Amino acid sequence: MNKIYDESFYNSSTKERYLKNQGEGAKISYGRVLKRASSIEARLERDLYDFNLSEIKQVLFLLKSSKMTTIIATGIIIQNYIRWAIEQDLRLDNINPLDAVSSDEFYKQFVDMSNPILFHHNEIMDWVGQLINHQEKLTVLGIYEGIYGRQYSELLTLKMERVREVSGDPLSYEVELIDETSDGTKESRVIPISNKLYTIMRTANNEEFNFKNNGLDTGMKHDKRNLTKTDYVIRAAEDKRTSDENAPAAPTLISRRFKKISDVFQSPTLTPTNIRNSGMLYMAYNLYKDSGKLGKEEYESVCVHYNVGRMRDGGYTYSRLKKDFLNMENLELVYGLE
């Protein structure tokens, strides 16, 4: 029985019998975890359902996940699989090793910290300062300050006509953002932006071309590319496929730009999600400094500004954010707290 019958599962007949009783969504997520465990099962010549706690730890370390919620979810899947095996009288004993662990404390040890996923405000600003093209500067700083949307729709539909001055001393700015929801409708919201972001946005709106590879290809025949001419601030480079239609750029433009930016700075974890999360952490840090706490009010302020965690009733849920990164532990880690 202890044999790899295919390249996906160890002891595949048992795994398939278990998955047969799961819902369609669970089959995918449960199957992914069971496949991940197969290399350790093969080495130990023993099914996951007979693993002790030390062997289960090896599976969790294999995840190399930076998200606590992912690790906990994997642990629950393994726990449920072992529980089923006990009911089927497959496990050598009737003890489930994961029944006795404290979730947060136990699972915390498996969070992968080898590559940073949260960046200090100064590091973000340093990267923005080193970028040559204001289109790229805007891509990073805009997301950092909360301009995101479904498939980057808030960023891709930015227009200077939607930026407004806010009276005060010193002068400040706010911008109306348009988000395309999953059902195709459009939602509008207004957030404040920094004066630096406003200046970058205004310059990016007037840029006519982009230097390739952050200007490192200067002197080559094709060291820069003309940008399309539309009413939107974020614009792609012109090519033979460019349409004359005055429409927002495709979401893949943001993905491509971040890939190039991460290559320039040799930082593979410099991604849109990590930049946004870093902005959320910085906002939480400033709220903590003002109020002396990081509680419900502060969490909801961050959720409102970044438009995350919103529920159908209009409220906000932040428990997952709190587990993954938006917590006092990371405030201490990234910014240090007195």
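Q: What should I know before I start?
A: Residues are numbered from 1 along each chain as its sequence is written. The model is predicted, so local features need pLDDT of at least 70 and side-chain atom pairs count only at pLDDT 80 or more, while totals for chains, interfaces and linings use all residues, and side-chain values use heavy atoms, with hydrogens and water left out.

Q: How many helices and strands are in the protein?
A: Helices (H or I, at least four residues) and strands (E, at least two) are DSSP runs, numbered from the N terminus. Here you'll find 14 helices and five strands. The C-alpha trace spans about 70 × 50 × 40 Å along its principal axes.

Q: Which residues have the most contacts inside the largest nonpolar core?
A: In soluble globular proteins, nonpolar side chains tend to be buried together. A nonpolar core is a set of buried Ala, Val, Leu, Ile, Met, Phe, Trp, Tyr and Cys residues joined through side-chain atoms within 4.5 Å. The largest one here has 59 residues, and those with the most contacts inside it are Leu138, Ile147, Leu158, Ile193, Met201, Ile275 and Leu326. Helix α11 (residues 272–291) gives the largest share of this core, six residues. Apart from this core lies another, of 28 residues, including Tyr30, Leu63, Ile72 and Ile78.

Q: What is Ile275 in contact with?
A: Skip its neighbours within four places in sequence, and you get Phe119, Ile124, Val140, Ile143, Tyr144, Phe258 and Leu270.

Q: Where do the buried residues of α1 fall around the helix axis?
A: An α-helix has 3.6 residues a turn, so residues three or four places apart point the same way. In α1 (residues 12–20), the buried residues are Ser12, Thr14, Lys15, Tyr18 and Leu19. Seen down the axis, they fall within an arc of 160°, so they line one face of the helix. That arc is taken from the directions from the helix axis to the C-beta atoms. Their cover includes α2 (24–44) and α4 (68–87).

Q: Is Glu145 buried or exposed?
A: Glu145 counts as buried, at 15% relative accessibility. Look for Glu145 in the loop between α7 (134–144) and α8 (153–156). Not counting residues up to four places away in sequence, Glu145 touches Ile191, Ile193, Ser194, Leu197, His305 and Tyr306.

Q: And where is Glu298?
A: Glu298 is in helix α12 and is buried, with a relative accessible area of 5%. Leaving aside neighbours within four places in sequence, Glu298 contacts Leu287, Ser291 and Lys293.

Key
Buried < 20%, exposed > 50% of the residue type's maximum accessible area, 1.4 Å probe, protein only. Contact = heavy atoms within 4.5 Å.
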